[in-house]
Amino acid sequence: KKLLFILLVLTSCSITHKRSASRPLHYFACKTWTDRNQDGVYDYYEFENIKSTFSSSEQVLFVGLFTTHPLGSKITFRLYAPDGSIVHEFTQPQLFKGTLLRSEHSVGELISGKSTGVWEGVWDVDDDVIAVTEVNLIY
């Protein structure tokens, strides 16, 4: 566990609260996704309220934008509780050059099953950690 923690700290990405058209965030947490053009497809600019602290009445969405990895790469997301346990995990291949994935959770359900505190959303590609998004879940 200590080695995993050190690895996560060394490879972590900080969350920035500003968007830039020239340099979008690739890994972040936000509160909502609104399908503005009603096409049923996640568009980067449809994610709203990028932040790092979420209350029990909110949803938290962990978002990853994968653009530099070869098609067929294995993308994995893991959600770690403050005690280090994995509470959610999924794996899927990269199907498109610009693959946008999300993992959505009810903060109230997460903290009622575990605890408040710092949770980590960890993205890896082909078993290499590429991003860690930390969020603080509170009541």
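Predicted model: local features only at pLDDT ≥ 70, side-chain atom pairs only at ≥ 80, totals over all residues.

Trainee: What makes the pair of Arg-36 and Glu-46 a polar contact?

Mentor: The backbone nitrogen of Arg-36 lies 3.2 Å from a polar atom of the Glu-46 side chain. Polar contacts need N or O atoms within 3.5 Å, so a pair at 3.2 Å passes. The Glu-46 side chain also makes a polar contact with the side chain of Trp-33, at 3.0 Å.

Trainee: Where does Glu-46 sit, and what does Glu-46 touch?

Mentor: Glu-46 is in the loop between β1 and β2. Leaving aside neighbours within four places in sequence, its contacts include Thr-32, Trp-33, Asp-35 and Val-41.

Trainee: How do you know that Glu-46 has no salt bridge?

Mentor: Check the distance. The nearest side chain of opposite charge, Arg-36, is 6.4 Å away. A salt bridge needs a nitrogen of Lys or Arg within 4 Å of a carboxyl oxygen of Asp or Glu, so Glu-46, though buried, has none.

Trainee: Then what makes Lys-51 and Glu-58 a salt bridge?

Mentor: Their closest N and O atoms are 2.7 Å apart. The cut-off is 4 Å, so the pair counts. Glu-58 also forms a salt bridge with Lys-31, with closest N and O atoms 3.4 Å apart. Since Glu-58 lies in the loop between β3 and β4 and Lys-31 in strand β1, that pair ties together parts 27 residues apart in sequence. Lys-31, Lys-51 and Glu-58 are therefore described as linked in a network of salt bridges.

Trainee: How many salt bridges are there in the whole structure?

Mentor: A search finds eight. One of them joins Glu-104 and Arg-102, at 3.2 Å between the closest N and O atoms.

Trainee: Why is Glu-58 called buried, while Lys-51 is called partly exposed?

Mentor: Buried means under 20% relative accessible area, exposed means over 50%, and partly exposed is in between. Glu-58 has 11% relative accessibility, so Glu-58 is buried. Lys-51 has 22%, so Lys-51 is partly exposed. Lys-31, at 31%, also counts as partly exposed.

Trainee: What else does the side chain of Lys-51 reach?

Mentor: The backbone oxygen of Thr-53, at 3.5 Å. Lys-51 itself is in the loop between β2 and β3 (53-55).

Trainee: Why is strand β4 described as largely enclosed?

Mentor: Because seven of the eight residues of β4 (residues 59-66) are buried. As for its partners, β4 pairs with β1 in the antiparallel sense over four bridges, and Cys-30 stands opposite Leu-61 in β4. β4 also pairs with β7 (residues 99-106), antiparallel over eight bridges, where Phe-62 has Ser-103 as its bridge partner.

Trainee: What makes a group of residues a nonpolar core?

Mentor: The members are buried nonpolar residues, such as Val, Phe and Trp, joined through side-chain atoms within 4.5 Å. The largest here has 21 residues, and Val-60, Phe-62 and Trp-119 are among those with the most contacts inside it. Elements that each supply at least two residues of this core include β1, β4 and α2 (107-113). There is a second, separate core of 10 residues, including Cys-30 and Val-63.

Trainee: What makes β5 and β6 a hairpin pair?

Mentor: They pair in the antiparallel sense over seven bridges, and pairing needs at least two, so they qualify. Five residues lie between them, and Gly-84 in the turn has a positive phi of about 90 degrees. Thr-76 has Thr-91 in β6 as its bridge partner.

Note on methods
Residues numbered from 1 in each chain as written. Heavy atoms only, no water. Buried < 20%, exposed > 50% of the residue type's maximum accessible area, 1.4 Å probe, protein only. Lys, Arg positive; Asp, Glu negative; His and termini not counted. Polar contact = N/O pair within 3.5 Å; in protein donor to acceptor, adjacent residues only side chain to side chain. Contact = heavy atoms within 4.5 Å.
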